[in-house]
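Dear colleague,

Please find below the structure I promised to pass on, followed by my notes on what came out of it. I would be glad if you read them with the model open beside you.

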Amino acid sequence: MNMGTLLIRNVVRDGVPCDIYIKEGVISSIGRGLDLEADTVLDGGGKTVMPAFVNMHTHSGMTLFRGICEDMPLSRWLDAVWKAETVLDDEFIYWATRLACLEMIKTGTVSFNDMYWRIDKAAKAVEDSGMRAHLTYCFLDGGDNDRQRRQREECTAMYEVSRVWSPRVQFGVSVHAHYTVCDDNMLWAADFVRKHSLLLHTHISETRSENESHTARYGVSPTRRLADMGLLGRDVVAAHTLWLSEEDVRLLGESGTTVVHNINSNLKLASGYRFLYNELRDAGANVTMGTDGCGSSNNLDMREALKTAALMQKAWREDPAALPVDELLAMGTRNGAKGLGLNSGVVEEGALADLILVDTDSAFFIPEHNFKANLIYAANSSCIDTLICDGRVLMSGGKVDGEKEVLARAREEAGRFIRKINSI
Ligand SMILES: [Zn+2]
């Protein structure tokens, strides 16, 4: 439910002062001195308006795993996480996801693409937070026949349940990875998403060893095999895509697949850093940004992830012109919106009103020669003052309604979870 009409007075858009009128969740008019009646009027106080971030790959239910698997490579990290996941329950997922939503709102993210368990509970948490999300039922069968069949039934049942979710919360399907899901279920998942016009979410080529063992077993790269199985396309979101051959880049580009760079997670797990941004962009892939989950990247701060991504591209290519700031912000906003099929990621009439107001009254934004460079390279995310989702103000003056309760309940859940882990 949006708030009817919202008039934001006195903001700066692309360096020009203006007002923004929002009706039924959509930007209706942008102009100076708009003389329109509105249910709610918000004084922008000269802050800069821009599209809110879209986090294209995370595992929000893992937010309470923050700090429990430090200093491990991915293979050992996965063993530790899979042990921890044996004690998850509905309360854990709900409060972990509420905490994730609170952190994302505070750091300027309006929408996210998620892969985790018990997504009906995650959906309730997203609805209660006021954000948008694309929540995916996750296939991970480890070759177990019973589990393969059970997951198909669960996926079908969850899709039916999702029909009563808020329109802001979309249902999708995940294939966890090509090495954790059997061929039959990968094909079933691809068929299911196409039958119901959904999106497919997966991890591809996160580590070098994953690629090497795949090539030794199948004689081709993971991307080549997924392409042959029909698991690439404009309706596919592939996270990581870090260890790619020239042919892999071409396949991802030709298919128009949305790829997600997760630099902080990749650096923290020492998975690699030579993300082929220019090559993927030029080949035609939709290149976006994500944080991954807090179990690996520790936070969900998109502005911080964008900064690291740009610095790493410039460094490993030995080219300071690599990944210019306009393209960087597009990765974090409109490219993500495109990947999720949302008409947002821009501040334009007709687009969804998913916006942030940035407080530039601080040392980080002086001088004012380049707002975008100041935002990414000088400031931190505490400059994000206001977040609007679907025309509703979810944060104003850095404050989110109910945040104290979310922090207290999440803290309680984290304690309960650790006691359960220690008892097994
Ligand atoms: Zn992931």
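In sequence, the donor residues of the zinc ion follow the spacing H-x1-H-x143-H-x88-D, where donors are N, O and S atoms within 2.8 Å of the metal (3.2 Å for Na, K and Ca), and water is not among the atoms, so sites may look incomplete. Because His57 belongs to strand E6 (residues 53-58) while Asp292 sits in the loop between strand E13 (286-289) and helix H11 (302-317), this pair ties together parts that are 235 residues apart in sequence. Helices (H or I, at least four residues) and strands (E, at least two) are DSSP runs, numbered from the N terminus.

Before going further, please keep in mind that this is a predicted model, in which local features need pLDDT of at least 70 and side-chain atom pairs count only at pLDDT 80 or more, whereas totals for chains, interfaces and linings use all residues. Residues are numbered from 1 along each chain as its sequence is written, and side-chain values use heavy atoms, with hydrogens and water left out.

The ion itself is coordinated by NE2 of His57, His59 and His203 and by OD of Asp292, at 2.1 to 2.5 Å. The angles among these 4 donor atoms run from 83 to 172 degrees, and the site is classed as irregular; four donors count as tetrahedral if all angles lie between 85 and 135 degrees, four count as square planar and six as octahedral if opposite donors are over 155 degrees apart and all others between 65 and 115, and anything else is irregular. Both His57 and Asp292 are buried, that is, under 20% relative accessible area, with exposed meaning over 50% and partly exposed in between (1.4 Å probe, protein chains only).

As for the chain as a whole, it comprises 15 helices and 17 strands, and buried residues make up 59% of its 424 residues.

Two local regions may also interest you. In helix H8 (residues 246-254), the buried residues include Asp248, Val249 and Leu251, and their cover includes helix H7 (222-228), strand E12 (258-261) and helix H10 (277-283). Just after H8, Gly256 adopts a positive phi of about 70 degrees.

Leu34, in the loop between strand E3 (26-31) and strand E4 (40-43), counts as buried because its relative accessibility is 15%. Leaving aside residues up to four places away in sequence, Leu34 touches Leu7, Arg9, Asp19, Ile20, Tyr21 and Ser29, contact meaning heavy atoms within 4.5 Å.
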